[in-house]
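Have the sequence and the model open as you read.

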Amino acid sequence: MRRVLVAAFCALLVATTAGCDGGAGAQPPAERSTAPAAASGGACQLLDFAMVNAKLGLDLSVAASATQDNTFTCVLQASGASYPDLVLSVSATTIGADVFASMVQPKDATPVPGLGVVGYQMPTPAAASAGPGVEVGWLAGNKRIIELSLRFAPGTPDEKASEAIPKVVELAKLIDLSSL
């Protein structure tokens, strides 16, 4: 369910930022915002453009957030582009590490020692409209399930996503510290 909500939110974000593709009635590109990511609210309050860009080597500058029940999300993208994008979701939970490891963590994921109570990492394959990516998830010490995913543009080599895994894990560890 959470993935469906995040996917719907991403589609909405793409639809609202995709108006710069030229053609009749196209608006000139918006000027780059100087607002911090946290100004978007929700899970964006755990992110900072400078920190994210320094860790991942990207130039993300647009943030949007959404809330559904007890799940808070944030999407960061580059201005005028759909990819790469970084999606953070945070959900309150009552489960323990054993349930997280057996029910939430994907079967083919690799454990990440030192991330939350229990954490994992895994590459994600390219999809019909998106390139390969990285997913890092963990059960935080404050009873929250946190998932951080980075997705590249279509046509990006799988190796680029593989190279990004340790960078996304390091960013996740910083986010985990900020959510204690």
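Are Phe-100 and Tyr-120 buried or exposed? Both are buried, where buried means under 20% relative accessible area, exposed over 50% and partly exposed in between (1.4 Å probe, protein chains only). Before going further: this is a predicted model, so local features need pLDDT of at least 70 and side-chain atom pairs count only at pLDDT 80 or more, while totals for chains, interfaces and linings use all residues. Residues are numbered from 1 along each chain as its sequence is written, and side-chain values use heavy atoms, with hydrogens and water left out.

The structure holds one aromatic pair. Phe-100 and Tyr-120 form it, tilted, at 6.2 Å centre to centre with 35° between the planes. (Rings of Phe, Tyr and Trp, the last by its six-membered ring, pair if their centres lie within 6.5 Å; planes under 30 degrees apart are stacked, over 60 edge-to-face, the rest tilted.) Phe-100 sits in helix α3 (residues 97-104) and Tyr-120 in strand β5 (residues 118-124), so the pair ties together parts that are 20 residues apart in sequence.

Zooming out, the chain has four helices and seven strands, taken as DSSP runs (helices H or I, at least four residues; strands E, at least two) numbered from the N terminus. Their order from the N terminus is α-α-β-β-β-α-β-β-β-β-α. Of the 180 residues in the chain, 41% are buried.

Now the inside. The largest nonpolar core has 32 residues, and Leu-76, Leu-86, Leu-88, Trp-138 and Leu-148 touch the most other members. Such a core is a set of buried Ala, Val, Leu, Ile, Met, Phe, Trp, Tyr and Cys residues joined through side-chain atoms within 4.5 Å. At least two residues each come from α2 (49-56), β2 (71-77), β3 (85-92), β6 (133-140), β7 (144-151) and α4 (158-178), and α4 gives the most, with eight residues. Apart from this core lies another of seven residues, including Ala-109, Val-118, Tyr-120 and Ile-145.

Strand β3 deserves a look: seven of its eight residues are buried, so the rest of the structure largely encloses it. Its two pairings below follow the DSSP rule of at least two bridges between strands.

| Strands | Bridges | Direction | Example of facing residues |
|---|---|---|---|
| β2 and β3 | seven | antiparallel | Val-75 and Val-87 |
| β3 and β7 | eight | antiparallel | Asp-85 and Arg-151 |

Over on α2, the buried residues are Phe-49, Val-52, Asn-53 and Leu-56. Seen down the helix axis, they fall within an arc of 95°, so they line one face of α2; the arc is that of the directions from the axis to the C-beta atoms. Ala-50 and Ala-54, on the other side of α2, are exposed. Among the elements covering the buried residues are β1 (62-68), β2, β3, β7 and α4.

Tyr-83 and Pro-84 are joined by a cis peptide bond, with omega about 0°, and Pro-84 belongs to the loop between β2 and β3. Asp-69, in the loop between β1 and β2, has a positive phi near 55° despite being a residue other than glycine. Asp-69 is exposed, with a relative accessible area of 68%. Lys-143 has a positive phi near 60° and lies in the loop between β6 and β7; its relative accessible area of 38% makes Lys-143 partly exposed.

Key
Contact means heavy atoms within 4.5 Å.
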